[in-house]
Amino acid sequence: MRRIAIVLVVLAVIAGACGDDTADDATPDETTTAPSGNDGGDDTTVGGDDGQPSGLPGLEDYEAVAATLEQPEFDRDLPPQAPESPIGAYGYSRYVYTQAGGEVVPSLIEGPLGYQTRCQEEAKDCSYQELKALYDSGDDVPSYLGMDRETLGALVGQLDAVNDAIHQYEDLDDACAAGLWKSTNQIANMGIHMIDGLESNTFDPSRPQMVLFASEDGLGLGAGEIGDCRNGEWTGADGYVPVGAVFNVSLTPDHPDGFAGPIDNWHIHYNTCISRSEEAGQLGVDDNAAVGEGGRAATTSAVCREQGGQFLPVISSWMMHAYVADGFEAESGVFSMFNPSVWPLSDPDTLLDERTSQVGPGVESAQILNFSFGDVRVGVGETVRFANSDSVPHTVTAGSFIEPSDAFDSGVLGTGQAFEVAFDAPGQYELFCVLHPEMTGVVTVE
Ligand SMILES: [Cu+2]
């Protein structure tokens, strides 16, 4: 990979020498914001406010700067420097930091360090049913799955075991009779968490630590009481069926070697407030949290204490969902945190858009998620704020690796650092990461 990148630098220099007159004439105003407090960023921003095209430094310059940034050692580690403003999106990014009162606190880590094999677009065959059909067809395994045929077979076998495990229970009466107990009410795009065997904290596909239940017809929604297990019986309405499982295993330094292949991105919760209010019997508080995992947004110990909750700086386990039930096929991937086939029903790509973009007044937030800028759309005069929520440094640089432009360049952005660009003229603006040339994006200004 590195050798290819260096060849590309040479190409870029040649392209630059021959192609100056093709450079962007629409020059957005460039403003760098927020990276202060992070040693890597301030002194590396390239490109000028003086209007002089300064050219881009070579890959090796950027790599040298990137190498000075401290990196976490293990999958479970938070970044050495905390972001100053919220970053990330639950279920879609490596890190999530959320605003809690006057503080920005870590909320979630998901997936291994570096690149994660995520399989969340509808077009990709990543649901249990699709993986199974793919394996049975004997067709080539698509490269986005990052596994060979044998590994796919092993994964499908494990998911078969999960499917059998959750279907030991036909409904919540069965679950209550078997001694399961309710951990949460029905959480949007997730379901009701029923605890089954938390005493074991090892990975076994046939013995998940929780079973997720949901109704087929959108029953029992919202934050209100839906029922509970009493004397081995479910007190609420009928109609809930198993849809998937949650695994909850020991917090090892790196993520568990659980399912075959790379698509199982395990997560860890930080700064959780647990309340056990009588009326809800619900794990987690903060109903008005917009971006939490079912309202389980991170908070501070002070806020938690005020609410009468129990504060956990970290929940000491790796967790992951697996949605396997027919009728609740997870088009956003078998291991996705949110399943668009569980109430509220939605389109997977819409769910992805909703969960990963936040619009502020005049500022569009563009999360850099897993080596991707996404496609960003803004109005003329609006500002885009790129925030790096990956575990590795990136740059936000105008143009492409073959044909970089002087229009804007963030310099090296470590985890949590952000870069803002205001776009004053309509058009399509290409951008890329100097450190990872395959990482490209487009900002559409209209
Ligand atoms: Cu990059």
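Which residue stands opposite Tyr429 in S21? In the predicted model, the residue opposite Tyr429 is Val443. The two strands concerned, S20 (residues 427–432) and S21 (residues 440–445), run antiparallel and are joined by six bridges. Both belong to an open sheet of five strands, in which the order is S15-S21-S20-S17-S18 and the pairing is mixed. At the edges of this sheet lie strand S15 (375–378) and strand S18 (404–409), each of which pairs on one side only. Between neighbouring strands of the sheet the average turn is 35°, direction ignored. In general, the strands of a sheet pair through backbone hydrogen bonds, and the pairing is either parallel or antiparallel.

The chain as a whole contains seven helices and 21 strands. Of its 446 residues, 46% are buried. Among contacts with a separation of 6 or more, 66% are between residues 24 or more positions apart.

A further antiparallel pair is formed by strand S9 (residues 240–250) and S12, with seven bridges between them. Within this pair, Asn248 is placed opposite Met319 in S12. Strand S12 itself, which spans residues 317–323, is mostly covered, with six of its seven residues buried.

Burial also occurs in a loop. Ile226 is located between strand S6 (210–215) and strand S7 (229–230), in the loop that links them. Ile226 counts as buried because it has 22 C-beta neighbours inside 10 Å, the cut-off for a buried residue being 20 or more. In space, the C-alpha atom of Ile226 is 6.8 Å from that of Asn185, although the two residues are 41 residues apart in sequence.

Helix H2 (residues 59–68) has its buried residues at Tyr62, Val65 and Ala66. These residues lie on the same side of H2, because they cover an arc of only 100° around the axis. An α-helix has 3.6 residues a turn, so residues three or four places apart point the same way. The face of H2 turned away from the buried side carries Glu60, Ala67 and Thr68, which are exposed.

Conventions:
Residues are numbered from 1 along each chain as its sequence is written. This is a predicted model: local features need pLDDT of at least 70, side-chain atom pairs count only at pLDDT 80 or more; totals for chains, interfaces and linings use all residues. A residue is buried if 20 or more other C-beta atoms lie within 10 Å of its own, exposed if 12 or fewer, and partly exposed in between; C-beta atoms are placed from the backbone. Helices (H or I, at least four residues) and strands (E, at least two) are DSSP runs, numbered from the N terminus. The arc is that of the directions from the helix axis to the C-beta atoms. Two residues are in contact if their C-beta atoms, placed from the backbone, lie within 7 Å. Two strands pair if DSSP finds at least two bridges between them. Axes are lines fitted to C-alpha atoms, for helices over the stretch in contact, and angles run from 0 to 180 degrees between N-to-C directions.
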